[in-house]
Amino acid sequence: MEITTKVVKPFGPLIFMADLPNGTIKTLNEIVDVIKDKKDMGNRLAGIIETESEIPHSMLEEKKVMDIFHAFALSYVQQGYMNAGLQQMLETLDIKTQMQSIWSVSQYENEYNPQHNHSHCQISAVLYLKVPSMKPRNIPGKQDKDGQIEFTFCNSESVLTTSSFVVRPKVGTLLLFPNTLLHQVYPFQGSGERRSIAFNMSYKAFNKANGIQIG
């Protein structure tokens with residue numbers, strides 16, 4: 001008797017990963033070099049980080065990089081529809097994305113971001129621009145999470161259930177994830193700067209035939 005089997009993953013958040021080219025990273029670092037000392041985002045963010053600065057949308061549009069973020073956000077939403085088995089519905093939709101807020105995060109030794117999620121958006125993201133050398137703690141039997149980002153989905157961990165996802169930052173790596181997904185960034189030891197850009201986006205779906213918003 002032939003038995004057909006398969007494994008499905010019907011639950012859990014989708015995380016979109018991409019690697020941006022060096023030219024784009026260079027442009028974004030130049031933008032952050034100009035605005036990073038404003039430090040005007042700290043009172044709006046969860047991080048125990050001093051240097052967090054809002055990036056004007058106009059700078060991203062002038063340097064032709066805003067469209068890149070919109071393209072990835074659109075692809076992410078489309079992947080969400082397909083993952084949910086809504087391919088046919090997706091073909092009838094015109095999806096528009098909107099940047100809500102974007103800022104730079106310059107994390108230095110012993111600074112960290114406690115567990116949190118984001119509000120007033122649907123998509124959140126982080127893009128790594130600089131990753132410093134970090135001093136190893138060399139604590140026997142302990143996992144090295146210094147400077148890494150950890151996403152937490154649930155409180156139950158087993159061989160059949162993954163409760164968290166840890167990512168070691170790499171220059172050029174972009175991560176998009178649901179705004180409700182809890183995440184945190186661990187502190188590190190070392191004299192360098194762990195630089196990233198974070199942003200929040202929203203999207204709306206319109207019926208291609210009549211232009212009526214449906215989601």
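Colleague: How many salt bridges does the structure hold?
Modeller: It holds twelve salt bridges. A salt bridge here is a side-chain nitrogen of Lys or Arg within 4 Å of a carboxyl oxygen of Asp or Glu. This is a predicted model: local features need pLDDT of at least 70, side-chain atom pairs count only at pLDDT 80 or more, and totals for chains, interfaces and linings use all residues. Residues are numbered from 1 along each chain as its sequence is written, and side-chain values use heavy atoms, with hydrogens and water left out.

Colleague: Which residue does Glu50 form a salt bridge with?
Modeller: Lys39, with the closest N and O atoms 3.2 Å apart. The two are eleven residues apart, and both sit in the loop between helix H1 (22-35) and strand E2 (51-54). Helices (H or I, at least four residues) and strands (E, at least two) are DSSP runs, numbered from the N terminus.

Colleague: Is Glu50 buried or exposed?
Modeller: Exposed, at 53% relative accessible area. Lys39 is partly exposed, at 38%. Buried means under 20%, exposed over 50%, partly exposed in between (1.4 Å probe, protein chains only).

Colleague: New topic. What does Glu150 pair with?
Modeller: Lys145, in a salt bridge at 3.2 Å, N to O. Glu150 is buried, at 7% relative accessibility.

Colleague: And where does Arg195 come in?
Modeller: Arg195 meets Glu193 in a salt bridge, 2.8 Å from N to O. Both Arg195 and Glu193 are buried.

Colleague: Which residues are linked in a network with them?
Modeller: Asp33 and Lys36 join Glu193 and Arg195 in a network of salt bridges.
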